[in-house]
Structures are given as C-alpha cells and as structure tokens.
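Visitor: Hi, could you walk me through a structure I have open? I'd like to ask things as they come up.
Guide: Happy to, ask away.

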Amino acid sequence: QVRLVESGGGSMQAGDSLRLFCRANERVDNTFAMAWFRQAPGKEREFVAAVNWDGGRLDVAEFVKGRFTISRGNVKNTMYLQISSLRPEDTADYYCAARTGPLTRRADEYVYWGQGTHLMVSS
C-alpha cells in the first residue's frame with residue numbers, strides 16, 4: 001500500500017528557514033493530491049498546504065502569509081514544505097498526507113498519512 005515518510009524536522013532558532021520533505025512510494029501516481037498538516041502541542045491538527053501530484057494546482061491556508069511554500073520535489077514521488085522566518089508558534093508535528101482525488105483541506109478526507117516529523121522553534 002501507499003507509504004509516506006516525512007523528514008527534515010528538528011530544533012531550530014526563530015528566524016531560520018527550514019525545508020520539510022515527504023516521500024511517497026512508487027504506487028503514488030498523478031491522480032493523487034498531497035498535503036501538509038501540523039499539530040501543535042495541545043492543539044487540533046490543522047491544514048497547512050496542498051498540491052496535486054503533478055504540481056499544477058496549489059492550496060494554502062490563510063495563516064501561511066507567504067512564509068510557507070509547498071512544491072513538488074525534484075526527486076520522483078517527493079514534495080517539500082519550505083518555511084521561512086520560523087517562529088516559536090511554528091513548533092508542531094508536521095504530517096504528510098495523500099489521497100486520490102481533488103485537493104481538499106479536510107484531514108478526514110485524506111487516506112494515507114506519514115508518521116510525522118517534529119519541528120521545534122526556540123526564541
């Protein structure tokens with residue numbers, strides 16, 4: 001079945017930039033939508049951004065305000081989330097998700113999930 005693996009998290013300082021990666025196995029094809037969600041301590045999981053597999057369509061949450069960029073990676077079956085000007089409130093577990101079909105912001109409509117990668121931002 002489809003597997004997703006996130007990487008790139010860690011401990012960062014406020015103001016730094018970071019790129020998170022998601023790799024899907026070879027069963028993912030161009031019918032898939034892929035997305036990033038995050039869950040901060042004590043908070044519910046929230047939508048960050050989504051891209052269709054061929055990279056032709058994007059959707060981003062309103063709070064992104066230009067600091068987050070989602071894109072297809074140069075490596076097959078990968079995508080990344082680039083975050084600039086990191087803030088302590090960006091501290092969260094970041095999850096990669098995928099589904100067959102159109103882009104959506106609803107977590108419950110995504111079928112496949114990675115294990116998450118943790119990002120901690122200190123002042």
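Visitor: Which side chain does Asp108 meet in a salt bridge?
Guide: That of Arg106, with 2.7 Å from N to O. A salt bridge here is a side-chain nitrogen of Lys or Arg within 4 Å of a carboxyl oxygen of Asp or Glu.

Visitor: What kind of model is this, and how are residues numbered?
Guide: This is a predicted model, where local features need pLDDT of at least 70 and side-chain atom pairs count only at pLDDT 80 or more, while totals for chains, interfaces and linings use all residues. Residues are numbered from 1 along each chain as its sequence is written, and side-chain values use heavy atoms, with hydrogens and water left out.

Visitor: Back to that pair. Is Asp108 buried or exposed?
Guide: Asp108 counts as exposed, at 57% relative accessibility. Arg106 is partly exposed, with a relative accessible area of 48%. For the cut-offs, buried means under 20% relative accessible area, exposed means over 50%, and partly exposed is in between (1.4 Å probe, protein chains only).

Visitor: How many salt bridges does the structure hold?
Guide: There are 7 salt bridges. Salt bridges that share partners join Arg38, Glu46, Arg67 and Asp90 into one network.

Visitor: Let's look at Arg38, then. How far apart are the closest N and O atoms in its salt bridge with Glu46?
Guide: They are 2.7 Å apart. Arg38 is buried, with a relative accessible area of 8%, whereas Glu46 is partly exposed at 33%.

Visitor: And what about Arg38 with Asp90?
Guide: Those two form a salt bridge as well, with the closest N and O atoms 3.0 Å apart. The pair links distant parts of the chain, 52 residues apart: Arg38 is in strand β4 (residues 32-39), and Asp90 is in the loop between β8 (78-83) and β9. Strands are DSSP runs of E, at least two residues, numbered from the N terminus. Both Arg38 and Asp90 are buried.

Visitor: New topic: how many disulfides does the structure hold?
Guide: It holds 1 disulfide, a term used for a pair of cysteine sulfur atoms within 2.5 Å. Cys22 and Cys96 are the partners, at 1.9 Å from S to S.

Visitor: Is the disulfide left-handed or right-handed, and why?
Guide: Left-handed, because the torsion about the S-S bond of Cys22 and Cys96 is about -70°.

Visitor: Are those cysteines, Cys22 and Cys96, buried or exposed?
Guide: Cys22 and Cys96 are both buried.

How values were computed. Helices (H or I, at least four residues) and strands (E, at least two) are DSSP runs, numbered from the N terminus.
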